[in-house]
Amino acid sequence: MFPCLGRSGLILLLSVLVACSLPPGFGDGGFAQYGAAHAQDDDDDDGDDDDDGGSVRSGGDRDRQMRAPRPANPAATRRMAAAPDAAPRPANAPDEIVVTDLAAADLALLLAEGFAVIEDFTLTEVALTLHRLRIPPGLTLIAARDRVRAQPSGTTGDFNHYYRSEQAGPEAAVAEPCTHLNCRALAQIGWPADRAALEGCRVTVPVGVIDTGINRDHENLTAARIEVIRLADDALDPSLAVHGTAVVSLLAGRADGRAPGLVPEAPLIAVDVFGRAGGDERAGVVALIRALDVLASRSVRVINMSLSGPPNVALEAALMRITGPGGALVLAAAGNGGPEAGPAYPAGYGPVVAVTAVDGRDRIYRRAQRGPHLDLAAPGVGIWSATSLTGVKAKTGTSFAVPFATAAAAVLASRAPAPTPAAMAGALGVMVRDIGAPGADEVFGAGLLALDRLCATDLLAVQGE
């Protein structure tokens, strides 16, 4: 066709033709934005720690903050693609074993072998003595755990596991023509709009929240009744008031705010168990068990744990004690490890109500963990809640689904006579709408919360109360 061009000339001509046929904007961000959207859609708990342009602040800049995002900058996209992966976060302390109720003779033997006591706690409410031990030099962590478990009273020996909040990167929230930003989520689960005015449907009992620190001075929490207790490891830097502020605001945010709380009248006891080691914000199992004991000592009967981590024998023992007939209902996040991951804990333990997240169209959150242990689903994608400083922001993750179930449980716990944790869990299990495979399944549990009968006086009667 072009015999006089030669091979090099033909290649040059073809290059020109291809360049001219590309759509306008190719290479200038017109197509790069699609790749960038996926690159930014991560599951990093630290990826949502600031009050950036995605937030809705008080004042006149709300409309500006809610405009559609600009096309991606191709240079920024290239920098993002070249950025190294974040260092893996440790699953547990590298040289510590935690064990409960270790006999004096067994402890003395371990000390003679080179173990050292870091700290002991006597937990009166869960009736446990908790020992935190440093392993001997030269002994592997697994060998040290097995050595502790070999003692007659050391069967609960386990690693000092770390637990983390279940918050994901930001996802788009759907604007709704209503008076606040979470109207769609409340309508999706049939949250009673007139609940606070109904006799016997107000929360009168304290609600426990085990999480990071909170910004008690946030404008969305000025009317909230919140007591904050810090039990985190003093060797770590204090936690950031990001995740905890968001979770607490979903429960107790101002009734007239942009993102009002579900039960703003409820008294909250928030226990900060998290600390920071560099960029890793985490809670040790010792802090979790101490928090459960403190809340039990305050007669808290509903506890929100929007966090997850590995199984731990000592934590399981404490949960079994605290969730008995006269104890508390514990609700926890299913986890954001993805559909192929195994159960996250404490949600994986039998007495704990495991809550997963769905979006506004009843679709499962794409990174929610699955399994037969799941109990309920609740809204958890694009949920508006308070930021660490000022204003509100759309949040995503199974963390933010838990407060919906916790709020419903708090209403049930306020009934007289006081229901047992099992009765409250049973009532929540029937207040659902089946949205997956018929019956309970490994994606949605029993189904999506359907709380239109939350204030019905006969609700707990069917659960044996």
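Modeller: V432 sits in strand β19, which covers residues 432-433; helices (H or I, at least four residues) and strands (E, at least two) are DSSP runs, numbered from the N terminus. This is a predicted model, in which local features need pLDDT of at least 70 and side-chain atom pairs count only at pLDDT 80 or more, while totals for chains, interfaces and linings use all residues. Residues are numbered from 1 along each chain as its sequence is written, and side-chain values use heavy atoms, with hydrogens and water left out.

V432 is partly exposed because its relative accessibility is 22%; buried means under 20% relative accessible area, exposed over 50%, and partly exposed in between (1.4 Å probe, protein chains only). Leaving aside neighbours within four places in sequence, V432 has contacts (heavy atoms within 4.5 Å) with L376, A446, G447, L448, L449 and A450. The C-alpha atoms of V432 and A450 are 4.6 Å apart, although the two residues are separated by 18 residues in sequence.

D441 belongs to the loop between β19 and β20 (448-449). Not counting residues up to four places away in sequence, D441 touches G371 and G436. D441 is buried but has no salt bridge, and R370, the nearest side chain of opposite charge, is 8.0 Å away. A salt bridge requires a side-chain nitrogen of Lys or Arg within 4 Å of a carboxyl oxygen of Asp or Glu; Lys and Arg count as positive and Asp and Glu as negative, with His and the chain ends not counted. A polar atom of the D441 side chain does lie 2.8 Å from the backbone nitrogen of V443.

Now the disulfide. C201 and C455 form it, with their sulfur atoms 1.8 Å apart; the criterion is a pair of cysteine sulfur atoms within 2.5 Å. C201 lies in the loop between α7 (183-188) and β6 (207-211) and C455 in the segment after β20, so the pair ties together parts that are 254 residues apart in sequence. The S-S torsion is about -65°, so this disulfide is left-handed. C201 is buried at a relative accessible area of 0%, and C455 also counts as buried, at 19%.

The structure holds one aromatic pair. The ring centres of Y345 and Y349 are 4.7 Å apart and the planes meet at 55°, so the pair is tilted. Rings of Phe, Tyr and Trp (its six-membered ring) pair if their centres lie within 6.5 Å; planes under 30 degrees apart count as stacked, over 60 as edge-to-face and the rest as tilted. Y345 is buried at 15% relative accessibility, and Y349 is buried at 6%.

Methods:
Polar contact = N/O pair within 3.5 Å; in protein donor to acceptor, adjacent residues only side chain to side chain.
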